[in-house]
Amino acid sequence: MEDLSFKLLLLIIFVSSIFPSHTRAHIAKFDGHWKQRAEEARKHAQEAYNHNPHDATNHFNHNVTKALEGSKTTRRNLGGNDGSCQATNPIDQCWRCKNDWAVNRMRLADCVLGFGAKTTGGKNGKYYVVNDTSDADMVNPIPGTLRHAVIQPEPLWIIFSKSMVITLSQELIMTSDKTVDGRGVEVHIQGGAGFTLQFVKNIIIHGIHIHDIKPRSGGMIRDSVQHFGLRTQSDGDGVSIFGSSNIWIDHLSMWNCYDGLVDAVMASTAITVSNCKFRDHNEVMLFGGGNSTTEDEIMQITVAFNHFDEGLIQRMPRCRFGFVHVVNNDYSHWQQYALGGSQHPTIISQGNRFIAPQNPFAKEVTKRNYAPESEWKNWLWTSEDDLLLNGATFVESGDLTKKGSFSKKDSLVAKPATFVEELTRFSGALNCVENTPC
């Protein structure tokens, strides 16, 4: 057995030296299966790319404005701190306050906003019930396990029979058109590997806890019903998005992963990260894999209604290339900076609350130390109606005459920054009970 493991290690090292790391991303042998999957993903990303990203930001802002206009009625009708439903942002208002959410789970797919708005996950597919927490066989996953569910070829809405803790032995490689829905139970992915969304489309991950994720050694892992192959060591991300499009990450509670909590690289686009609660982590989110990965120009990501809580240090997110709309998030903690970047990303910050740490040398929200000012002064980074508290500063750059074009529709951000605490109040995985509003 030791001899076999040693030979497998040598094989991984050998094939890793042949294929460029930025294209294979832990795929030891980039064979015909992966080449086809990569080409299909590239086509899907081109189709998902929005050639008028400002329209997407305005559409998002319009929906938030409508939600806030109705918030007084919503709060009156839905109760408050007694545990009854109190949904105050437009994504949550779409589904949370309906008693039948458990029998009509797929309604959730109609609720995503932002760049990931066309994501439907496993809608119109069958339900798959995970009832087995084991993850012992990477090549022939046991039916009823999460690993068996995510490799199936057809659209699936994956739910859980009970509360459970799942420790993944190796990275969980998903196929397209899947929803992982943890509502109604408490699901923890912890102590092992995380999710890998590689060359896929149309994925929703909702309502689970992901934490204490660690790198795993790799080996033979099944990535679809028809194929398995050799993988190199995984990074230890909570959710790794690689070359994928139409992705929605919603209501996750995430902390203490070895690498990033949510990373999106290699021409991933049409992504929304919303209603999540992040805490106790260093490098929170990386959007754009490298300074030479120009494929990430296509990247478009919405970051909305998230709470960046205690114990966070940096990268909320750090961006390379692409277009990132950061809207109505609560940045209550950071130790180094909140928003960083290189390689001329566009970052539109609207209606966020930034509470600077006590450290007088960490008051600045933004970080561009990766480039000289002569370069970054041309990057479009704007702050529109953000709340900058406890001495927080936001250094804008680029053509600031464009600022108004991002929020004129109903002037979203003139007031909503003062509502951020309310908009993000129910961030993270929710405690939903069947037959009652969530």
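Which residues lie nearest the centre of the second largest pocket? They are Arg37, Glu40, Thr175, Ser176 and Phe199, among 15 lining residues.

This is a predicted model: local features need pLDDT of at least 70, side-chain atom pairs count only at pLDDT 80 or more, and totals for chains, interfaces and linings use all residues. Residues are numbered from 1 along each chain as its sequence is written, and side-chain values use heavy atoms, without hydrogens and water.

**The pocket.** A pocket is an open set of points on a 1 Å grid over the protein atoms alone, where a 1.4 Å probe fits, with protein on both sides within 12 Å along at least five of seven lines; lining residues have an atom within 4 Å of a point. The volume here is about 350 Å³. Helix 3 (residues 32–48) gives the largest share of the lining, six residues. Helices are DSSP runs of H or I, at least four residues, and strands are runs of E, at least two.

**Asn390.** This residue sits in the loop between strand 31 (387–389) and helix 9 (420–423). Asn390 is partly exposed because its relative accessibility is 37% (between 20% and 50%, 1.4 Å probe, protein chains only). Phe354 is 36 residues away in sequence, yet 8.5 Å away in space, C-alpha to C-alpha. Two distances from the Asn390 side chain follow.

| Partner of the Asn390 side chain | Distance |
|---|---|
| Gln358, side chain | 2.8 Å |

**Strands 10 and 11.** Strand 10 (residues 219–224) runs antiparallel to strand 11, with five bridges between them. Gly219 has Arg231 as its bridge partner in strand 11. A hairpin of two residues links strand 10 to strand 11.

Key:
Points joined across faces, edges and corners; volume = space filled by probe spheres on them. Pairing = 2+ DSSP bridges. Polar contact = N/O pair within 3.5 Å; in protein donor to acceptor, adjacent residues only side chain to side chain.
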